[in-house]
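The sequence and the model come first, and the notes follow.

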Amino acid sequence: MNKWARVINVDGFPPLQEIRDECWNCGAHGNLETHHAFFGTADRENSKLLGLTVKLCPYCHRNQPYGIHGGNIELDKRLKQAAQRHVEEYFSHEFFFNIFLNDYLN
Ligand SMILES: [Zn+2]
Ligand SMILES: [Zn+2]
């Protein structure tokens, strides 16, 4: 676990996606998969810890080239930006940057 996430109490921080029964991207229902906004070993853990996951339908998740893991860079960036904004509104830019070591809004 990241040292920054450990020193700050994340209880009460609202999840990135409140409505969990529809695809974050297209609104489809049923057969949804959990996607971590930031992936890769450490980022995935921190995404999980901070509730930075969304539900995606298989198409938006894995389809090539429209899915987020299928090369849809625009969708990936849009989700990462939404997640960063969400964290920064509640905590701070410094908090986000020290955990994910990246600034997706610039
Ligand atoms: Zn979808
Ligand atoms: Zn995923």
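## Loops and backbone

Asn31 is found in the loop between α1 and β1; helices (H or I, at least four residues) and strands (E, at least two) are DSSP runs, numbered from the N terminus. This is a predicted model, in which local features need pLDDT of at least 70 and side-chain atom pairs count only at pLDDT 80 or more, while totals for chains, interfaces and linings use all residues. Residues are numbered from 1 along each chain as its sequence is written, and chains are lettered from A and ligands numbered from 1 in the order in which they are written.

Asn31 has a positive phi of about 55° although it is not a glycine. Asn31 counts as exposed because it has 10 C-beta neighbours inside 10 Å. Leu101 has 10 C-beta neighbours inside 10 Å, so it counts as exposed. Most residues other than glycine have a negative phi, and most peptide bonds are trans. The peptide bond from Gln64 to Pro65 is cis, with omega near 5°, and Pro65 lies in the loop between α3 (58-62) and α4.

Val10 is in the loop between α1 (3-7) and β1, whereas Ala42 belongs to helix α2 (residues 41-49). Val10 is partly exposed, with 13 other C-beta atoms within 10 Å; Ala42 counts as partly exposed, with 14 C-beta neighbours inside 10 Å. The table gives a C-alpha separation for each of these residues.

| Pair | Apart along the chain | C-alpha separation |
|---|---|---|
| Val10 and Gly30 | 20 residues | 29 Å |
| Ala42 and Arg62 | 20 residues | 21 Å |

## Strands and core

Strands β1 (residues 33-36) and β2 run antiparallel and are joined by 4 bridges; two strands pair if DSSP finds at least two bridges between them. Thr34 stands opposite Lys55 in β2. From strand β2 (residues 53-56), Thr53 and Lys55 point one way and Val54 and Leu56 the other way, and all are buried.

The largest nonpolar core has 17 residues, and those with the most contacts inside it are Ala37, Leu56 and Ala83. Such a core is a set of buried Ala, Val, Leu, Ile, Met, Phe, Trp, Tyr and Cys residues joined through C-beta atoms within 7 Å. Two or more residues of this core come from each of β2, α4 (73-90) and α5. Leaving aside residues up to four places away in sequence, Ala37 touches several residues, including Leu16, Val54, Leu79 and Ala83; contact here is between C-beta atoms, placed from the backbone, that lie within 7 Å.

What are the buried residues of helix α5 (residues 93-100)? They are Phe96, Ile99 and Phe100. Seen down the axis of α5, they fall within an arc of 80°, so they line one face of the helix; the arc is that of the directions from the helix axis to the C-beta atoms.

The axes of α4 and α5 are 7 Å apart and the helices pack at an angle of about 130°. That makes α4 oblique to α5. The contact is made by Gln84, Val87 and Glu88 of α4 and His93, Phe95 and Phe96 of α5. Axes are lines fitted to C-alpha atoms, for helices over the stretch in contact, and angles run from 0 to 180 degrees between N-to-C directions. Angles under 35 degrees count as roughly parallel, over 145 as roughly antiparallel, 65 to 115 as roughly perpendicular and the rest as oblique.

Note on methods: Buried ≥ 20, exposed ≤ 12 C-beta atoms within 10 Å, placed from the backbone. Contact = placed C-beta atoms within 7 Å.
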